[in-house]
Structure formats: structure tokens, C-alpha cells
Number of protein chains: 2
Amino acid sequence: MKSDLWIEEKCDNIMGLKFKVEKTLFSGQSEFQSVDVVETKGHGKMLLNDGLVMLSERDEFVYHDMIAHLPLFVHPCPENVLIIGGGDGATARETFRHHDVKRCVMVEIDKMVVHACKEFIPSCSCELDNPKLDLIIGDGVKFAKETKEKFDVILIDSTDPIGPAQPLFGEEFYRDIHNCLNDNGIVVSQGESPWYQNKMQNKLMSIKSKLFDVVSVYNFSNLTYPGGLWSFTFASKGLHPIKDFKEEKVSKSGLKFKYYNESIHKAAFALPQFQKENVQEFVKG
Amino acid sequence: MKSDLWIEEKCDNIMGLKFKVEKTLFSGQSEFQSVDVVETKGHGKMLLNDGLVMLSERDEFVYHDMIAHLPLFVHPCPENVLIIGGGDGATARETFRHHDVKRCVMVEIDKMVVHACKEFIPSCSCELDNPKLDLIIGDGVKFAKETKEKFDVILIDSTDPIGPAQPLFGEEFYRDIHNCLNDNGIVVSQGESPWYQNKMQNKLMSIKSKLFDVVSVYNFSNLTYPGGLWSFTFASKGLHPIKDFKEEKVSKSGLKFKYYNESIHKAAFALPQFQKENVQEFVKG
């Protein structure tokens with residue numbers, strides 16, 4: 001008899017998400033977190049950190065389209081991009097599809113994530129050897145404080161605010177991010193769930209609204225995050241995610257996406273009423 | 001030790017959703033399906049038919065806002081509304097918030113659903129004794145074939161196409177629905193998941209596109225349906241869900257919602273690229 005294997009993620013001990021597993025491809029414990037790669041039935045390969053689903057091959061394009069293409073199409077010429085986190089490589093993969101991008105620095109704290117994804121999830125990690133990528137294994141918080149470089153677009157591709165990602169949800173970190181953004185720079189951050197983590201979403205929005213001229217939040221819905229609906233927070237020194245979005249740039253780019261398109265770009269900022277009321281005091285610009 | 005109770009719904013045996021249960025309030029077997037009402041931890045009361053989550057008190061407003069208010073704000077004067085299914089009462093509850101509505105006929109096949117929700121989920125069933133409601137316990141397919149009445153808006157608030165709801169996903173039923181719609185009528189139907197049931201979504205869209213002048217699909221994201229992202233299909237004899245939507249009607253109505261608003265109305269029709277490509281041959285108008 002073949003065993004019936006499932007991986008299961010619980011949220012606040014009130015709900016859980018389960019996925020059927022064919023086999024475990026990698027299982028390790030780094031100095032920061034546990035790292036697992038499994039082959040699922042129906043969702044392709046799946047990466048888990050500390051038992052939480054980070055991505056599945058079936059739907060990772062939703063998250064990665066929305067973290068990368070939305071700000072990269074708002075910025076008129078995103079030449080220098082910084083990714084904090086993103087060890088699986090898929091945010092870098094999408095970033096390099098934009099021909100404006102001349103250089104991308106990626107600072108991932110956990111080399112085990114990078115190695116596991118390089119070996120077992122090449123569909124995500126395929127651009128990690130791109131010569132335009134400067135991959136630094138190190139602490140993104142420290143990097144943001146110490147770097148002298150300036151970036152056009154910064155993508156905070158972090159896990160939830162537990163474990164190594166905790167400082168990425170703090171005000172000091174965002175002061176440093178503000179400092180290493182060019183004058184028309186944009187920062188987009190994994191923004192948690194408007195349903196289950198609305199306090200953390202508000203905290204992130206409130207930090208950004210203290211520091212940036214334009215602050216907003218936009219949504220997507222994927223298969224593997226509890227609640228389905230999930231958010232990115234957007235902040236910039238002036239560029240507005242809709243007013244400064246030139247729709248024709250998307251078709252002119254010739255790029256094809258599985259989730260993102262011009263309509264989704266704008267629709268993502270239409271918030272459910274309950275979320276709109278939660279965040280409205282922090283929205284700026 | 002208090003027992004650790006969960007209800008669990010599996011989808012295609014590749015993923016599952018679990019919710020923590022405090023206690024079972026009702027458990028019955030009707031001639032059509034099993035019917036359960038449970039008190040959950042964190043999601044309020046929950047209705048399950050044949051073990052599938054129909055609604056939770058925490059997020060049912062998403063589904064019911066979107067099935068009812070979207071077409072009711074597109075139609076210039078929806079006086080007569082027909083609901084097929086909807087035994088929990090929440091679609092009728094939202095329908096009666098529109099003062100244009102003079103009469104609503106609701107045809108629910110399973111009286112056990114109605115009775116269980118009347119007794120245990122009054123937050124949903126609270127309008128089932130509204131004098132403007134004609135509640136018929138019977139077969140919606142038969143009703144649509146035989147009625148001589150005409151309706152302005154018809155809402156197909158059905159379960160998945162297994163068990164009693166199966167004929168509600170067929171062409172013959174929609175021919176009858178077309179017949180009992182007024183000349184500027186609209187029909188909105190529970191449209192399944194663009195991820196896990198895209199074939200059924202396409203089937204429903206293809207049937208509607210044979211019969212109606214305007215056909216479209218729109219999305220919402222809730223907590224209790226597998227995959228989060230879910231759809232309604234829209235069809236009408238002429239009214240367009242966006243071009244004929246007078247935004248000011250919403251603020252003039254004085255109604256307040258938890259999910260629906262003017263921006264969500266329009267944004268719901270912005271489809272993820274993969275879904276857009278799946279359904280585009282059936283979109284009309």
C-alpha cells in the first residue's frame with residue numbers, strides 16, 4: 001500500500017491548508033529555519049520554510065508576477081534592483097525579463113534555501129547564475145544599513161515576520177531602505193493577509209506612511225497561502241502605482257505573463273471594503 | 001483534555017482545507033445530501049453540504065455581496081428577483097437591502113438546509129420570513145421550466161455540480177432561465193474555481209454564450225473555498241456589467257458593505273491572464 005502523505009500548514013490554530021505529497025526531495029535545518037522541498041501531487045514542487053509553504057510550482061507565478069512586474073512597469077527605467085530575501089530565485093527570474101534592468105543585487109540570509117532551490121526547483125532558480133545578478137548570502141537588514149549603492153526598485157520578498165524575517169517588518173529597516181532608494185525609487189514588500197494578519201499589514205503600512213510620499217497596498221490571490229487573498233505593500237518617493245503606470249509599456253515590452261496584465265495591475269488596488277477601511281489612514285499619494 | 005476537532009474538505013485529493021470546530025450544532029441526512037452546521041473556532045458558524053463548506057459567518061459576506069449587489073446595481077430597476085438554491089438565506093438577505101426589489105422568489109430543493117439555517121445561523125437566514133419573499137421548497141430546474149413569471153434578475157446560488165445541483169449546470173436549464181428573464185434581465189451563477197474547476201467554468205460560460213447577448217465572468221476571493229479565488233458567471237439580454245453600471249447608484253443607495261464597493265465591482269472583471277485566455281472565446285458584449 002502506498003502511503004498517504006500530506007503536508008499541512010496551520011494558521012492561528014483555526015484553519016489549515018494541506019497538500020498531497022508524492023515524496024520529499026530535500027529536508028534540512030539551517031541556522032535560521034527548517035527548509036523542505038517536496039514533490040506534490042497536483043501542485044508541482046513545493047518549498048517550505050519552518051513548515052510554512054513558500055511556493056508551489058503550480059501557482060508561484062501569481063506571487064512573482066505581482067511582486068516584480070507591477071513596480072517594474074511603474075518605474076520609467078528600473079536599472080538597479082535590490083531583492084531582499086527571495087532565495088528561491090523566482091523574483092530575480094521575473095526581474096531579469098525587464099530589459100531595463102542592468103543589475104540586480106539579491107541579499108538572501110539563508111544559503112540552504114538557495115542551494116535547495118538550485119538543486120530541486122530549477123523552474124524558479126534558473127536565473128540565479130545570471131551575470132547581472134550579484135547574489136549575496138547575508139543579512140538584508142545589515143546590507144540596507146551599510147550599502148552605499150542606490151536602487152530604483154527594492155523588492156522585499158520575505159517570509160512571515162517570524163524567524164529570520166522579523167526585522168524586515170520594522171521601522172529602522174525601512175529608514176535604511178528609504179536611504180538606499182533613488183529619488184524616484186519604489187519599494188514593494190510582501191504584505192501579509194488582509195484576513196488573518198491585518199494587524200501586521202497595518203503595522204507595515206503605518207511604517208511606510210511615516211517615511212514615504214506614496215503608500216498603497218495591492219492584492220493577489222493564490223493557492224498556497226492561508227486565506228487565498230494576500231497583499232503587497234507599495235511605497236515610493238513620488239511615483240504613483242496607477243497614475244504613473246503607462247499601460248502601453250506592457251504590450252510594448254512583448255512580455256507574456258500567466259497572472260499579470262494591464263487590467264490586473266489596476267484592479268489589484270481595488271480593495272475589499274473591510275480592508276479599505278483598515279488601511280485607509282495609511283494610504284498616501 | 002478537550003478534544004481537537006477539525007472539519008476537513010478535500011479537493012481532487014490534491015489539497016485540503018481544515019477548520020477548527022468547537023462543536024456540532026446540527027447534523028442531518030436529507031433525501032439530497034448531508035447537512036451539517038458547526039460552531040468553529042475563529043470562523044463563526046459554518047454550513048456544510050455533503051461535507052463541503054458552503055459558508056462561514058466570518059466571510060460569507062464576500063460571496064453574498066458579489067452574487068447579489070453586483071447584478072442588482074447593474075440593473076436599472078430590479079423589481080422581481082428569482083433565487084435558485086440559496087437555502088441558507090444570505091442571498092435573499094442581501095437582495096432585500098435593495099429597495100427596488102418588490103418580490104423575490106426563492107426555490108430551494110432541500111428543506112433541511114433552510115430549517116438548519118433558520119435554527120442555527122440566523123445571521124444568514126434572518127430575512128427568510130420577509131413578506132416580500134416567496135420561498136418554495138422544490139426543484140429549481142422544474143420551476144424554471146414551468147413558471148409563467150418573468151424576472152429582472154436571477155441568481156443561481158448553487159452548490160458544486162455534484163448531487164442535487166448537477167442539472168443547474170446544464171444547457172436545458174439555461175434555456176428555461178432565458179425564457180423566464182425579462183427583456184433586460186440578468187442571470188448570475190456560482191461559477192466555480194478558475195484554478196481547480198476551470199473545465200466546469202468553461203462549460204458554464206459556453207452554455208451562456210450560446211443563449212445570451214452579454215456574457216462575462218467575475219472573481220472574488222474568500223476563506224472557505226479551495227483555492228481562495230472563485231468566480232461568478234454573468235449573462236444578460238443586453239445589460240453590460242461595467243458599461244451599464246452607474247457608479248453613483250451605490251453611494252446614493254446609502255448601503256454599506258463589507259466586501260463590495262464601486263471599485264471592487266469593476267475590478268472583479270479583471271481576470272488573471274491564465275483565466276482570461278481560458279474563457280475569452282465565451283466572453284460577449
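Two strands pair if DSSP finds at least two bridges between them. By that rule, β10 (residues 181-190) of chain A pairs with β12(A): five bridges join the two strands, which run antiparallel. The model is predicted. Chains A and B superpose by a rotation of 180 degrees with 0.0 Å of shift along the axis. That is the relation of a two-fold axis.

**Symmetry and interface**

- Superposing chain A on chain B leaves an RMSD of 0.0 Å. This is how a two-fold axis relates two copies.
- Both copies use the same surface, with 97% of the contact residues of chain A recurring in chain B.
- Chain A brings 32 residues to the contact, and chain B brings 31 residues.
- On the side of chain A that touches chain B, β2 (15-29), α9 (262-267) and α10 (273-279) each supply at least two residues.
- β2(A) gives the largest share of that side, six residues.
- By type, the residues on the side of chain A that touches chain B are 15 nonpolar, 10 polar and seven charged.
- Strand pairing crosses between the chains: β2(A) and β2 (residues 15-29) of chain B pair in the antiparallel sense over five bridges.
- Within β2(B), B:G16 stands opposite A:K18.

**Overall build of chain A**

- Chain A contains 10 helices and 12 strands.
- Along the principal axes, the C-alpha atoms of chain A fill a box of roughly 60 × 45 × 40 Å.
- Buried residues make up 53% of the 285 in chain A.
- Consider contacts in chain A between residues at least 6 apart in sequence: 68% of them join residues at least 24 apart.

**Strand β7 of chain A and its partners**

- β7 (residues 103-108) of chain A has five of its six residues buried, so the strand is largely enclosed by the rest of the structure.
- β6 (residues 80-85) of chain A pairs with β7(A) in the parallel sense, over five bridges.
- A:N80 has A:R103, in β7(A), as its bridge partner.
- A right-handed β-α-β unit is made by β6(A), helix α2 (residues 90-95) of chain A and β7(A).
- β7(A) is also joined by five bridges to β8 (residues 133-137) of chain A, and these two strands run parallel.
- Opposite A:V105 stands A:D134, in β8(A).

- With β10(A), the link is the antiparallel one of five bridges. A:I186 has A:S236, in β12(A), as its bridge partner.
- β11 (residues 214-221) of chain A also pairs with β12(A) in the antiparallel sense, over eight bridges. A:N219 has A:S231, in β12(A), as its bridge partner.

**Loop residue A:P161**

- A:P161 sits in the loop between β9 (151-157) and α6 (171-179) of chain A.
- The residue counts as partly exposed because it has 17 C-beta neighbours inside 10 Å. The buried class needs 20 or more, and the exposed class 12 or fewer.
- Leaving out residues up to four places away in sequence, A:P161 touches A:Q166, A:F169 and A:M200.
- A:P161 and A:L223 are 62 residues apart in sequence, and their C-alpha atoms are 20 Å apart in space.

**Helix α3 of chain B**

- In α3 (residues 111-120) of chain B, the buried residues include B:M112, B:V113, B:V114, B:A116 and B:C117.
- The cover over the buried residues of α3(B) includes the strands β2, β3 (34-40), β4 (45-49) and β7 (103-108) of chain B. Helix α4 (122-125) of chain B is also part of that cover.

Definitions and conventions:
Residues are numbered from 1 along each chain as its sequence is written. Chains are lettered from A and ligands numbered from 1 in the order in which they are written. This is a predicted model: local features need pLDDT of at least 70, side-chain atom pairs count only at pLDDT 80 or more; totals for chains, interfaces and linings use all residues. Copies are superposed by least squares on the C-alpha atoms of residues with pLDDT of at least 70 in both. Two residues are in contact if their C-beta atoms, placed from the backbone, lie within 7 Å. Helices (H or I, at least four residues) and strands (E, at least two) are DSSP runs, numbered from the N terminus. Ala, Val, Leu, Ile, Met, Phe, Trp, Tyr, Cys and Pro count as nonpolar, Asp, Glu, Lys and Arg as charged, and the others, Gly among them, as polar. A crossover is right-handed if, with the strands pointing away from the viewer, the path from the first strand over the helix to the second runs clockwise.
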